[in-house]
Amino acid sequence: VWCFSILFFFSGNPLCLSHIPKSISEWLSCCESRKYPSFFLSPTETEEFGPVFIHEPDDVIFSLNSDEKKVMLHCEARGNPPPTYSWYVNGTEVDSKTDYRYSFIDGDLIIENASETIDYGRYQCQAENSYGTILSRDALLQFAYLGAFSTRARGEVSVREGQGVVLMCTPPPHSPEIIYSWVFNEFPSFVAEDSRRFISQVTGNLYISKVQPSDVGSYICLVKNSVTNLRVLSPPTPLTLKTDGVMGEYEPKIEVHFPTSVLAAKGVTVRLECFALGNPVPTITWRKINGNIPKKARLRKSQAVLEIPNIQLEDSGTYECKAENPRGGTAFKGHLQVYTLPQWVRMINDTQMDSGEKLQWECKAIGRPRPNYRWLRNGLPLNDHVEIVNGELTIHKVQQADSGMYQCVAENKYGAVYSNAELKILASPPLFVTNPVRVIATLGKDVSLECKPRASPKPRITWRRADRKLQPNKRITLLRNNTLKIVNSSRADEGNYVCRAENQLGSAEMTAILWVKEAMRVVLSPSRVEVTVGESVVLSCKATHDTSLDVAFQWFFNQKPIDFQQDGSHFEYIQTQVSTVDLMIRSILLKHAGKYGCRAQTSADTVLTEAELLVRGPPGPPGVVIVEEITDTTATLSWTRGLDNHSPISTYNLQARSPFSLGWQTVKTDPVTGDMESAMAVELNPWVEYEFRVVASNAIGTGDPSTPSRKVRTKEAVPAIAPSNVSGGNGRRHELVISWEPVSEEFQNGEGFGYIVAFRANGTRGWKEKMVTSADATMYKYRDETFPPLTPFEVKVGVYNNKGDGPFSKVVIIHSAEGEPREAPSDVKAYSISSSEIRVSWKPPNPGPGRPRAYEVSYWKESEQEESGKKQQTVKNETSMVLTGLEGNNIYLITVKGFNNIGQGPDSAPITAKTRKSRESPAQPPNNLMWIQEGNNISLSWDPVKAKENESDVIGYMVLLKQEGRGHIQVTRTINPSTMLSLPEGGTYTIDVRALSEGGEGAFSSQVRVVTSSGERRHTHLIWTALLLVLVPSASW
């Protein structure tokens, strides 16, 4: 291994600039003395090799309308030395010196101002270095463009109604494929394809199988380039109808169809077209001759297109399309053939050989058609002194001149693939990488001294010791790989052994220095130990060995090295002495039971010794649980013993799970001891699906459960549980309603479960029984016109299933329904409280069956029918209500009726009430306000306000008293145009007066401002009488 010092600059200073060292120790001392970083170049980093492609050129479609006027083909290879590149187009080398349009950037080819006429073709990249040359796969350069339609006007197409027609598109020059559509009359009104109209994506023509008057118009062919997305429109083609009659019916004629032979690459989507003209419009059907159309195939465009995605070899065959109408039919057949590009099955690999050896390379590819093979060396055809049979290349005696880059090319007419490999012919004198070699052997054991020089051709090997050639004997053997083997080594075998390698290019020697040491002994204690789950233990490993040798230890668990980082929570490595180590195992689990190994290793030998750890713990899961026998309430189970984990099993616990249980539940059994492997579970529920499992216990604890048994259902039995919470009541008149809580499916005990409802009038003898067949039923209603409301009944509910009748519930007393209210409310009164409100009150009906739960008030205007009226209900059994949202000055008719859960009672007799007038409030404010102040008392008067014709009558006045600086307003209402106010304390007050009417409040008077002193009170002989002085925040007059 060569190790070099590198001239490396960091912050302007050279780092470790030195000569080539003679040894690794000299190299390390060089760099360490300068305290600079060293750089070590491994042989793999300095190894020289021929070019290998990283990226080969891909096919390119270049748009001539692109703003970027240059084409780039990418090629990249690695190699040492780095490769150089050249390019070929259609087999001719690209010369950038004679054509300025070409330039190279690394391995990429750049073409400026690319032209289809000059640059269209297949391109190959060639990578070359001193070890050889390789050629890339072909890359096709195409150009995308779309020309313009001819501007010459298109002639009119005239046909009879009912006749078929084909409108030609005649697309302009283009590349690559284009997409066709047709415009009817004006853009963007596109022709919709259906069973009568079809646009071929092969010809571009528009086919109309049967022309109708609605088809008359102007047709424009629109084509779109699939790469550039450029669109162009053709001149319009007029379509007209002839006036000499209507075309009669005629048989179909297929106008567009797929070729008789269709070639498709594996994996693409194939679209086969077939469309016919005819009257009536033909129907298209498809079939595959001697086979079925693939299931993945789809019919498009009213069955005119058969689309097969991801085509495979088995999809090949003859396909037929058939066009039929009542006048006849016609068909077309074509063969679909799927081809595949070559794909490698076996490729060639880089090979190194000695001169004179035999080279055999084989490459193999599959494809359809079957690929042919050719071989290249350094990019040129291979012919000289080689034997080529299909994909096999043989050179019987390789020479130095045969070195280079080889390529096997597998190709058919649809493509080619390349497999590349480098052949190196080695030629070097013998060289020993490591010399001398020190070997330490164990006394009494065999030892091998290897001799593996690098050399080509293979050298001749001889061994000697102390200038004497070694001859094979009973203890010394020369193996075929030139290794010297010494059997049962002893101290006398110590010394220097020299291996000499020689070929025609030179010779070299390697010295092996042999030392023989005493065998090492290792003791691991304790050798067998038993612990309980959760405890800890220490294993100690001590090695006795030659003190001149270092010893290393490694711990194993069941032949696998212990990862102390990953398993640090349980395992700890403890170094107690140079030759002794301990293994601490903490919080032991069952999984820690097994073999623990301690391996001690010196440069002379390796010794492994093992100890066994037994872990006592709860039992393991029992074996498979089998249901041996099943009855309606019992199950006999058997199982196999699981591991007892070194503590005898004392008992087994049987558990069951059903759709009705909360997880696993312990089932009742006789005691199940540890030596038993079967038991009977009792007190199970009939006709319930169960799973069973078994759990074992010992002195240490309870183990994991077994896997569940298969699901089994207990047998049927007569029901044993009656319904609960039997009750009832309510219902309509003459009904007896009986309800209960249904019996859970868990306790139905079999199929055909239902209920038996039994009842009798209190005091009678015979029971009436009714069957309720639904297991989910919760209610039964019995109707009899003969019994009065609230008749008491004795009721009980029983159960049954297919096995028989079960028990009845306890007898309860249930009353029949009381019915809907029978009487109307009495003493109904109503009066208006505003222009939009009427208060209604009433008295409830006489007590008795049919008590109202609430009341409903109906009301309607006198000028309307009752059916158009409105209704309002009380929240509970209230006996008054305010009707709101009424119209003013209108007479309303009002009725009241009671209702309950059963139904509604009769209406009361209609009464009338008239809402008040709903005119505007007075617009004239009170005038001529006069006041006399006596201390804190104010006597206030004003002129009465008279309402106008369109205003509501004045019914009083409102006086507003407010103290400045406070938000509270004192309101006084009076029916007279005067009042007396008392000012509560000193300060400044404002007084406003406004008239009141049913239409609302009138305009404010002019404001009066009064100032009083705090605590001042004056006496006066004037007496003012206030007819009404009331503080009312909100009241109706």
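Q: Helices (H or I, at least four residues) and strands (E, at least two) are DSSP runs, numbered from the N terminus. With that in hand, what are the helix and strand percentages over residues 147–234?

A: That span is 0% helix and 40% strand, and its end C-alpha atoms are 11 Å apart. Before going on, note that this is a predicted model, in which local features need pLDDT of at least 70 and side-chain atom pairs count only at pLDDT 80 or more, while totals for chains, interfaces and linings use all residues. Residues are numbered from 1 along each chain as its sequence is written, and side-chain values use heavy atoms, with hydrogens and water left out.

Q: Where does UniProt place the feature "domain: Ig-like"?

A: The unreviewed UniProt entry puts it at residues 51–136, 147–234, 252–337, 342–424, 430–511 and 520–609. These positions use the numbering here, feature names are shortened, and annotations may be inferred rather than shown by experiment. Residues 51–136 are 5% helix and 56% strand, with end C-alpha atoms 11 Å apart.

Q: Now a sheet, please. In what order do the 5 strands of the open sheet run?

A: Strands of a sheet pair through backbone hydrogen bonds, either parallel or antiparallel. Here the order is 51-58-57-53-54, with mixed pairing (two strands pair if DSSP finds at least two bridges between them). Strand 51 (528–532) and strand 54 (560–561) are the edges; each has a single partner strand, so one side of each has no neighbour in the sheet.

Q: How many bridges join strand 57 and strand 58?

A: Strand 57 (residues 594–601) and strand 58 (residues 606–616) share 8 bridges in the antiparallel sense.

Q: Are Cys-541 and Cys-598 buried or exposed?

A: Cys-541 is buried at a relative accessible area of 0%, and Cys-598 is buried at 0% too (buried means under 20%, exposed over 50%, partly exposed in between, with a 1.4 Å probe and protein chains only).

Q: How many disulfides does the count come to, and what is the pairing of the bonded cysteines?

A: The count is 6 disulfides. Numbered in sequence order, the bonded cysteines pair as 1-2, 3-4, 5-6, 7-8, 9-10, 11-12. Among them is Cys-75 with Cys-125, at S to S 2.1 Å. Cys-75 sits in the loop between strand 5 (70–73) and strand 6 (76–80) and Cys-125 in strand 11 (residues 121–129), so parts 50 residues apart in sequence are tied together. The torsion about their S-S bond is about -75 degrees, so this disulfide is left-handed. Cys-75 counts as buried at 2% relative accessibility.

Q: What about Cys-451 and Cys-499: how far apart are their sulfur atoms?

A: They are 1.8 Å apart in a disulfide, which is left-handed with -60 degrees about the S-S bond. Cys-499 is buried at 0% relative accessibility.

Definitions and conventions
A disulfide is a pair of cysteine sulfur atoms within 2.5 Å.
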